[in-house]
Amino acid sequence: GKIAIYQTIYPKTHPLYESSLDQQIQAVQSIQVSDLKDFHQNFYQPQRTILAISGNFDRKQIIKSLNEHFSSWNGQTASAKYEIPPLGMDQPPSTQTIEVPGKSQSLVVIGHSGIINRAHPDFYPLMVANDILGGGSTLSSRLGKKIREEAGLVYSIYSSFNMGRGPGPFIVQMGVAPQNIDRAIELTSEEIKRFQLAEITDEELDRAKNYRSGFFISRNLTSNENVASSLSQYALWGLDLNTINEYPNKVKAVSKYDVKRVIGKYLHPDKLNIVILKPKR
């Protein structure tokens, strides 16, 4: 599903375009030892390396140990830059159906490209907005309540705005019985349009902000491994490392006005591409 929707949204020349599984297998099988050596020489460089350490340690001793082990590591960074450009939405959206042998359930993925990266200040209201729409609890999100609980059309449904060093897509994914595909897509599209027009309630806002803060803490602060992983990601994305402390405050500051603004700016119901994976008859 992910491969198909990324192929549908992005052209082959874009960094986020996904090769098919057959193409990936062929590419791996064609790798030579010389390819591995060239890649290692060009990309395993100190200028490209991020090292994050978290735990109960002696700072001076750690720095001493790092200098002892890595001071002789020299090299020149390859000229290629890691950039993911935003993609326009000039092309009309498309629908693709793929039949998969041996499956009893269907998977539907809906989405369009995005335009902001993780460092953009609109990240926080966009995450809160998505938690209200379909990224938070299935029992309380609008898509979860409408499509799964009330209509009973899907086994699961969630939405996400994906971004990192560069912009990624907006995606809704749902597991659905084959006979419910058309109706599930129809109701989901309607609910996304309604979400863009309807007012956000205080209850929805508070619930989403509490969910977002709790999710962040559980994923980023519960172990040394999580803290180190988060700090390395922030460095890769060009964020201030104090983000790990400020994240809950940034979420807390999100207002209903912020949510409505980003919904109108970054959600495009009329540009949704559709990929349907269903059992082969």
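Visitor: At what angle do helix 8 and helix 9 pack?

Guide: First, this is a predicted model, where local features need pLDDT of at least 70, side-chain atom pairs count only at pLDDT 80 or more, and totals for chains, interfaces and linings use all residues. Residues are numbered from 1 along each chain as its sequence is written, and side-chain values use heavy atoms, leaving out hydrogens and water. Helices (H or I, at least four residues) and strands (E, at least two) are DSSP runs numbered from the N terminus, and axes are lines fitted to C-alpha atoms, for helices over the stretch in contact, with angles from 0 to 180 degrees between N-to-C directions. Helix 8 (residues 202–220) and helix 9 (residues 224–237) have axes 7 Å apart, and they pack at about 105°.

Visitor: Which residues of helix 9 meet helix 8?

Guide: Contact means heavy atoms within 4.5 Å. Helix 8 brings Phe216, Ser218, Arg219 and Asn220, and on the helix 9 side they meet Asn226, Val227, Ser230 and Tyr234.

Visitor: What order do the strands of the sheet take?

Guide: Two strands pair if DSSP finds at least two bridges between them. The pairing here is mixed and the sheet is open, with strand 1 (95–100) and strand 3 (154–163) at the edges. The 5 strands run 1-5-2-4-3.

Visitor: Which strands does helix 5 touch?

Guide: Helix 5 (residues 123–135) packs on the sheet, its direction making about 170° with that of strand 3. The strands it touches are strand 3 and strand 4.

Visitor: Which helix gives the largest share of the lining of the largest cavity?

Guide: A cavity is a set of points on a 1 Å grid over the protein atoms alone where a 1.4 Å probe fits but cannot get out, and lining residues have an atom within 4 Å of a point. The largest one has a volume of about 30 Å³, counted as the space filled by probe spheres set on the points, which are joined across faces, edges and corners. Its lining includes Phe161, Phe195 and Ile263. The largest share, 4 residues, comes from helix 5.

Key. 1 Å grid on protein atoms, 1.4 Å probe; cavity = no way out; pocket = protein on both sides within 12 Å on 5 of 7 lines; lining within 4 Å.
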